[in-house]
Amino acid sequence: MDNFTYRDGQLFAEDVALADLADDVGTPFFCYSSATMVRHYRVLADAFHGLDTRIFYAVKANSNLAVIRTLSREGAGADVVSEGEIRRALAAGVAPDAIVFSGVGKTQSEMAMAIEAGVLLFNVESEPELNALSEVAASRNATVDMAIRINPDVDAGTPDKISTGRKGDKFGIAWPEARSVYVDAAKMPGINVAGVACHIGSQILDLTPYKSAFEIAAGAVSALREDGHTITRLDLGGGLGVPYDNEVPPSPADYGKMVRNICGDLGVTIMLEPGRVLVANAGVFVMRVIYVKETPGGTFYVVDGAMNDLVRPTLYDAHHTIIPVTEPLESAPLKAVDVVGPICESGDILAQNRDMPPVVAGDLLAMRTAGAYGAVMSSTYNSRLLVPEVLVKDGNHAIVRARPSYDDLWRDEHMPDWCGD
Ligand code: LLP
């Protein structure tokens, strides 16, 4: 469910016509709907109603300050994986004690910064990291709440590059091996053992792997209590999938029910770290057709958006539905085409062999489900400018990240003397 719909033949974001936005900000651009984000947040929160639960939005999915603020005003905290994300969450107005610091490679300086800021919880992923955290905390006379991210060795059935809960993945500490690490942690200065964390992957479309992982995590809570630890938090990570095409992900209600069944009686605060499910379908990526190129090998719609703006199709062979901003006639003949960007790589493909209605140069196309892992993964490859992000609310819109200037592109580059004048 989202708020991008055709009205009188034109695609709207809430009450704003995307064609008007294109005139205003130029193409390509990302457009996000506040109403969709808020609704998704509320549906997820409702699924956990009555359970001691806290939602920490995984900022990596879309770290625009206005997006973080929109969700934090609904009650979300922030799940972060870098100093930059901590700073963003704080800048967006998230309270320090509503921030969870995750990630497999936190540096000591990031730990120090997070301790100074007063984040709620560190999710630790290895023994060396635990040692470092103890050292940094103790040297500041601080004691930090810590959970170990356990690796339950569960295959989430997602694409390889975004699966995180298998033994061979770089994430977490294997369970039950982590049990002895907790024993060590409890003796370490600066460390307060507070919880168990677990995140098995992203774009998960089936509750079965979740159930296996959560049963292991719940078992870990009980085992650790038997060992004498005080476990008050269980962080179940994120990963709930969304429909990009015709997938049918588990509903938040079913997900909530499953969590309730497995963890409802544990007497812990359940923490969730959703990213994609909150923002993916709240965003579209709007681009303009530059050329329609016919070749003996096929038809290419060459557009002004590219892999540097939205890398998911290139990186993961991900499917994003592409629709014309002007609604095509129902009778429009569909033809298999490639939608490609201007970047000098054959991999710069936004959609391959996709049945599309006819378009002409100048037409606008919208790639759906672009609110998560879109703008945040973009680059300036080929010296293309980062594209603007626009947030819509009802009939209003705001440019929440402006298109930079070309001067901005090399503002921080310097010419050494020996290169001459
Ligand atoms: N918590 C942790 C510890 C994570 O590593 C992630 C995502 C999340 C929460 C949020 O997961 P979500 O609810 O969004 O699935 N760039 C990839 C996705 C990478 C996900 C990385 N971790 C993509 O475009 O599909």
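Helices (H or I, at least four residues) and strands (E, at least two) are DSSP runs, numbered from the N terminus. On this basis, the chain contains 12 helices and 21 strands. The model is a predicted one, in which local features need pLDDT of at least 70 and side-chain atom pairs count only at pLDDT 80 or more, whereas totals for chains, interfaces and linings use all residues. Residues are numbered from 1 along each chain as its sequence is written, and side-chain values use heavy atoms, with hydrogens and water left out.

The overall dimensions were considered next. The C-alpha trace of the chain spans about 70 × 60 × 40 Å along its principal axes.

Burial was assigned from relative accessible area (buried under 20%, exposed over 50%, partly exposed in between; 1.4 Å probe, protein chains only). By this criterion, 55% of the 421 residues of the chain count as buried. Accessible areas come from the Shrake-Rupley method with a 1.4 Å probe, and for residues only the protein chains shown count as cover. The accessible surface of the chain comes to about 18,100 Å², and 50% of that surface belongs to carbon and sulfur atoms.

Contacts were defined by heavy atoms within 4.5 Å. Among contacts between residues at least 6 apart in sequence, 70% join residues at least 24 apart. For charges, Lys and Arg count as positive and Asp and Glu as negative, while His and the chain ends are not counted; the place of a charge is NZ of Lys, CZ of Arg, CG of Asp or CD of Glu. The mean positions of the 35 positive and 56 negative charges are 3 Å apart.

Helix α7 comprises residues 178–187, and A178, V181, Y182 and A185 are buried in this helix. Viewed down the axis of α7, the buried residues fall within an arc of 105 degrees, so they line one face of the helix; the arc is that of the directions from the helix axis to the C-beta atoms. The packing partners of these buried residues are α6 (127–139), β9 (144–151), β10 (173–174), β11 (191–197) and α8 (207–226).

Particular backbone geometries were found in several loops. In the loop between β10 and α7 lies P176, which is joined to W175 by a cis peptide bond with omega of about 15 degrees. The peptide bond from T27 to P28 is also cis, with omega near -5 degrees, and P28 lies in the loop between α1 (18–25) and β4 (29–33). Positive phi values occur at D8, a residue other than glycine, with phi near 45 degrees, and at N141, likewise not a glycine, with phi of about 55 degrees. D8 lies in the loop between β1 (4–7) and β2 (10–13) and counts as exposed at 84% relative accessibility. N141 is located in the loop between α6 and β9, and its relative accessibility of 75% makes it exposed.

Towards the end of this account, Y406 was examined in helix α12 (residues 406–409). Y406 is exposed, with a relative accessible area of 51%. Leaving aside neighbours within four places in sequence, Y406 is in contact with S383 and L385. The C-alpha atoms of Y406 and R384, which are 22 residues apart along the chain, are separated by 8.7 Å.
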